[in-house]
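Take a look at the structure first, then read on.

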Amino acid sequence: MEVENIQRRYRARTGIRRRAAREVEAVRGLSFEVERGELFGLLGPNGAGKTTTIKMLITLLLPSGGSARVLGHDVVREAREVRRHVGYVFGGDRGLYERLSGLDNLRYFAELYAVPAREQRQRIGELVELVGLQGRERERVEGYSRGMRQRLHIARGLLHRPEVLFLDEPSIGIDPVGARELRTTVARLVELGTTVLLTTHYMFEADELCDRIAVIAAGEIVAQGTPQELKRGVVEGRVVEVEVFGDAQSVLDDVRALAGVTSVSVEERGQAQLVVVRSDAGAEVTSSVLAALAGQRLGRVATREPTLEDAYVELVNRP
Amino acid sequence: MSVLRLLGLGWWLQLKMRSRSAFDGALAIVYPLFFATSVFLIYRQSASSTALVAAAVGASVMGVWSAVATTASTSLQNERRQGTLELLVGAPRPFALIVVPITLSMATIGLYSLVATLVWGRLVFGIEVSFVHPLTFALACVVTALGVAVMGFVLAVSAVRYRSAWALGSALELPIWLTCGFLVPLSILPDWVRPVSWLVPVTWGVSAIKAAALGGQPWPGIAMCLGVAAGYALLGTLLARRMVDSARTHATLALT
Ligand SMILES: Nc1ncnc2c1ncn2[C@@H]1O[C@H](COP(=O)(O)OP(=O)(O)OP(=O)(O)O)[C@@H](O)[C@H]1O
Ligand SMILES: [Mg+2]
């Protein structure tokens, strides 16, 4: 899969009388390549342009500029060929026929994706089992829970054994055990030669699965590489975490100003706030951070290796 | 073969979905009977028995058309709301082959209303339609329903690009009643209307049904209905391609 400088603009409608058409640049020239059999992750904050990029690659949107080829087929000129070989799973509970059973949904889509009639029954049976819906497949979808719907989506996306699979937040709403099974399934598909493009907001998921990752923000790639490269390239030093009881916000600027500190973020942890400090390689910031927080009531203090999440936070917060 | 499978399964599942909504179901039963009753009451005053039979037939086809006209153009809007429109467009099968079974299933429900109208006329108003050619009559009804389905198809694909196209079906519902000779004979309409009505498949379908019921030549009507419908099918297919491309440009396939 080769993507070259792909762009997409939307016309955002605001107001009814003054049809002020504001152009939104959702994707501003992305370029990346995904090898066959590779699992490529697309990470980025909400509205970064991940879904838009995927929709252009599966031919649901025409790019406003640039070009892309999937399995050697141009996504604009050879849309039919592309559609034959790609599968698409998106997160959320839409995209299913509520009044039909799960089984009927799969039958219908098997026909739409041109699964040969002889294979349909067996293939659907396999997939129902794979996603763990056996026993419930004859019930109407309107009675499914959110995770069950998501599982049905996954089965639907795999019906025609796509060579390239696009997974747009596939694990939304799935319970931890199901999510782990999903990761195993995806890993197995990749072993069998399927190329996968995955977006997710779960960093551990991306870390565990992806061979390579591109982080995009506001429609542009801000970093690209293996999870290891991203972690090392962005956050070379160690990460210091300090639990603060009380108002950590007031002293954050002091911490940010410390020599060697590259970024600081705060997470709510019950009554405490967890101040996460990332620093340059070789900088030993623990003592100066503690000094800066001196006036506060502190809890646990820990240092650890940077995770993909640290790298991600660092990348998308860069000015 | 595989095209037939696609059409067949699509039709069957769509029919299943539509017949599962209690509200739609009740509406599909009651609505056409209201037309029929009004028409029978009006015609009972004056007319000969042939005119009454013609009215019964006309009213029954009105039911088929209304069932399709009002739902065809909203059907793809519903798919859009459900988030399935993207999946239909993104599938490797031609989009037209996916939409046709949707309107076919509506026309099938319309056929029910055709039968119900005739039965109602018979039971409540004592209108005996003694078919001159019963088999040809049945065939003409099916062909007419097919013609209506294809008209619905053209309406439906317009909604892929234009979200407000759902209004088109409702806007066309009454003009088609009037111009296609459902109730009033074409001969009493202004001259310029007649060529327009020839361009609509149901005009021919209705004339074939009337001929089969009352005696006359049904076959030319059946052939013309199929021919004009084929033209619409072609038009709809070309239109579908344009509408899908335009929707991909303007990002109107999904509203997420
Ligand atoms: N149909 C549309 N019309 C107008 N603007 C749109 C449309 N679809 C997306 N956008 C805009 O394009 C930008 C990118 O959206 P996109 O859905 O690609 O983001 P995303 O990276 O998938 O985000 P998320 O993580 O929330 O799923 C957003 O600013 C969004 O508002
Ligand atoms: Mg998205």
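Start in chain B, with one tryptophan. Trp198(B) sits in helix α8 of chain B, which covers residues 193–198. The model is predicted.

Is Trp198(B) buried, exposed or partly exposed? Its relative accessibility is 43%. Trp198(B) therefore counts as partly exposed, since that class lies between 20% and 50%. Setting aside neighbours within four places in sequence, Trp198(B) is in contact with Trp204(B) and Val228(B). Cys225(B) is 27 residues away from Trp198(B) along the chain.

**Where chain A meets chain B**

Now turn to the interface between the chains. Chain A puts 35 residues in contact with 38 residues of chain B. Together the two chains bury about 3300 Å². Carbon and sulfur atoms account for 56% of that area.

How many salt bridges are counted between chain A and chain B? The count is four. One of them pairs the side chains of Arg5(B) and Glu111(A), with an N to O distance of 3.0 Å. Polar contacts also cross this interface: 15 residue pairs, with both residues at pLDDT 80 or more.

Which parts of chain A supply this surface? The top contributor is α3(A), with six residues. By class, this side of chain A holds 17 nonpolar, four polar and 14 charged residues.

**Inside chain A: two domains**

Domain 1 spans 2–225 and domain 2 spans 235–316. Ten residues of domain 1 and five residues of domain 2 make up the contact between them. The C-alpha centres of the two domains of chain A lie 36 Å apart.

The area buried between these domains is about 670 Å². Carbon and sulfur atoms give 83% of it. Zero salt bridges are counted between domain 1 and domain 2 of chain A. One residue pair is in polar contact there, both residues at pLDDT 80 or more.

On the domain 1 side, the elements that give two or more residues are α7 (203–209), β9 (212–217) and β10 (220–225) of chain A. Here α7(A) gives the most, with three residues. The residues on this side divide into eight nonpolar, one polar and one charged.

The two interfaces can be set side by side.

| Interface | Buried area | Share on carbon and sulfur atoms |
|---|---|---|
| Chain A and chain B | about 3300 Å² | 56% |
| Domain 1 and domain 2 of chain A | about 670 Å² | 83% |

**A serine in chain A**

The last stop is Ser265(A). This residue lies in strand β12 of chain A, residues 261–269. Why does Ser265(A) count as buried? Its relative accessible area is 16%. Buried means under 20%, so Ser265(A) falls in that class.

What does Ser265(A) touch, not counting residues up to four places away in sequence? The list is Leu274(A), Val275(A), Val276(A), Arg278(A) and Val313(A). With Arg278(A) there is also a polar contact: the side chains of Ser265(A) and Arg278(A) are joined at 3.4 Å.

How values were computed: Residues numbered from 1 in each chain as written. Chains lettered and ligands numbered in written order. Predicted model: local features only at pLDDT ≥ 70, side-chain atom pairs only at ≥ 80, totals over all residues. Heavy atoms only, no water. Domains from an automatic or database assignment. Contact = heavy atoms within 4.5 Å. Buried area = accessible area lost by both parts, 1.4 Å probe. Polar contact = N/O pair within 3.5 Å; in protein donor to acceptor, adjacent residues only side chain to side chain. Helix = DSSP H or I, 4+ residues; strand = E, 2+ residues; numbered from the N terminus. Nonpolar A, V, L, I, M, F, W, Y, C, P; charged D, E, K, R; others polar. Buried < 20%, exposed > 50% of the residue type's maximum accessible area, 1.4 Å probe, protein only.
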